[in-house]
Amino acid sequence: MATLIAKCSMEMDCPKEVVVWNYYDHEHVVGTHYKYYSEFRILAERDDWCLVERFYKLPIINLRASSLGFMYMESPHLIRSIQHGKLGLVLDQEIQLDDLGPDRCRVTCTYRMDLPGPKRLLQPLFERVITRWFHDTWVEDAPMRVRRWKVWKLGFRDFRGLDYVNQKTAKTAGAGEHRPHPVRLPVPKTPESLPGSGYKRPFDESVEVGY
Amino acid sequence: MSKRASLAVVAAEAQEARAAEATPDRSPSGFQRIASLSELEPYGQFSKWVDDYDILVFRQDGQIKALSNICPHFGGPVGYHQMKEGVFTCLWHNYRFEASTGRCLTNDHLCLRSYKIKVEDGGIWVQLVENPGT
């Protein structure tokens with residue numbers, strides 16, 4: 001039995017609380033990551049833990065897969081996610097969050113998987129798949145987190161928006177600039193979605209105009 | 001305030017005043033030029049941040065219109081995907097909005113603000129603030 005390990009780390013222009021919000025905002029996976037995830041179901045969720053089922057396509061080996069995942073916060077700086085694949089494999093992921101100032105943080109993900117077979121053959125492929133996955137989803141999440149932090153500082157309120165935009169008034173100078181982003185879990189869900197019914201990708205392809 | 005700080009404030013104010021004088025992009029009626037018409041190509045839409053307002057400009061049935069590009073759900077970009085059959089789908093959570101009205105088709109309680117717009121001198125002008133007194 002070989003224990004495969006991959007570690008990826010990147011810095012982000014937002015506080016770590018925004019990253020936590022992003023990880024617990026399950027509904028975004030079939031939106032922001034619509035090219036990788038086809039379906040997502042929240043089976044149970046309370047406070048900082050959740051049990052979810054995901055259907056996705058792995059890069060490089062191009063394998064369609066699904067897994068049951070349990071996620072919780074070990075501490076304000078550490079999220080742990082254990083994913084049990086349908087083939088019996090378990091992926092253990094630790095997400096370490098470190099503050100690098102008021103508007104910046106570092107995200108370090110460590111992935112571990114036990115697999116039967118010789119490590120010297122499996123480790124390079126494991127690292128390639130995980131690194132690509134981390135990179136691709138990071139590229140999609142990064143502008144989301146930065147934008148979320150930007151609108152939050154402008155005074156954004158969930159399910160409401162920006163008051164000065166809606167009321168067609170001028171923005172009050174300095175409003176919201178020092179407003180910390182809370183870690184309020186679970187992240188509110190779309191009221192129209194029935195619990196456990198899941199979320200599906202609405203389209204396979206789109207013309208992306210961009211942010 | 002220290003002398004150095006007050007000098008910096010004065011210099012910043014003077015710079016702002018010069019910038020305002022030099023910018024022909026604001027009309028007395030409160031419309032602001034935000035783009036040239038050519039920016040609508042090739043997608044028939046674009047979005048742009050202007051003074052803390054994120055505006056989605058698009059062409060529909062031969063008319064140019066503008067909506068807020070900030071999804072009132074969690075703040076996502078409404079115009080990330082090209083409009084399809086008169087509907088915008090927000091990138092983040094697939095909230096759908098009717099382009100002609102800004103009405104949200106996913107959640108009845110949400111709506112996008114429409115901006116007043118005019119096309120003049122090859123440019124697209126938008127009124128960011130309609131209620132300056134409030």
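**View 1. Salt bridges between chain B and chain A.** Three salt bridges are found by the rule across the interface of chain B and chain A in this predicted model. In one salt bridge, the side chain of Asp52(B) meets that of Lys171(A), with an N to O distance of 3.7 Å.

**View 2. Polar contacts and the strands of chain B.** Between chain B and chain A, 25 residue pairs are in polar contact, both residues being at pLDDT 80 or more. On the side of chain B that touches chain A, at least two residues each come from strand S2 (45-50), strand S3 (53-60) and strand S7 (114-120) of chain B. S2(B) gives the most to this side, with three residues.

View 3. Chain B brings 40 residues to the contact, and chain A brings 43 residues. About 3400 Å² is buried between chain B and chain A, and carbon and sulfur atoms give 58% of this area. Of the area that chain B buries against chain A, 22% is supplied by Phe74(B), Tyr80(B) and Trp92(B), more than by any other three residues.

**View 4. A nonpolar patch on the surface of chain A.** The patch is formed by Ile60(A), Ile61(A), Leu63(A), Leu87(A) and Leu125(A), which together have about 450 Å² of accessible area. One of these residues, Leu125(A), lies in helix H2 (residues 119-153) of chain A. Leu125(A) has a relative accessible area of 38%, and it therefore counts as partly exposed, since that class lies between the limits of 20% and 50%.

Notes: Residues numbered from 1 in each chain as written. Chains lettered and ligands numbered in written order. Predicted model: local features only at pLDDT ≥ 70, side-chain atom pairs only at ≥ 80, totals over all residues. Heavy atoms only, no water. Patch = residues over 30% accessible without salt bridge, like charges linked within 9 Å, V, L, I, M, F, W, Y side chains within 5 Å. Areas by Shrake-Rupley, 256 points an atom, 1.4 Å probe, with all protein chains shown as cover. Salt bridge = Lys/Arg side-chain N within 4 Å of Asp/Glu carboxyl O. Helix = DSSP H or I, 4+ residues; strand = E, 2+ residues; numbered from the N terminus. Buried < 20%, exposed > 50% of the residue type's maximum accessible area, 1.4 Å probe, protein only. Contact = heavy atoms within 4.5 Å. Buried area = accessible area lost by both parts, 1.4 Å probe. Polar contact = N/O pair within 3.5 Å; in protein donor to acceptor, adjacent residues only side chain to side chain.
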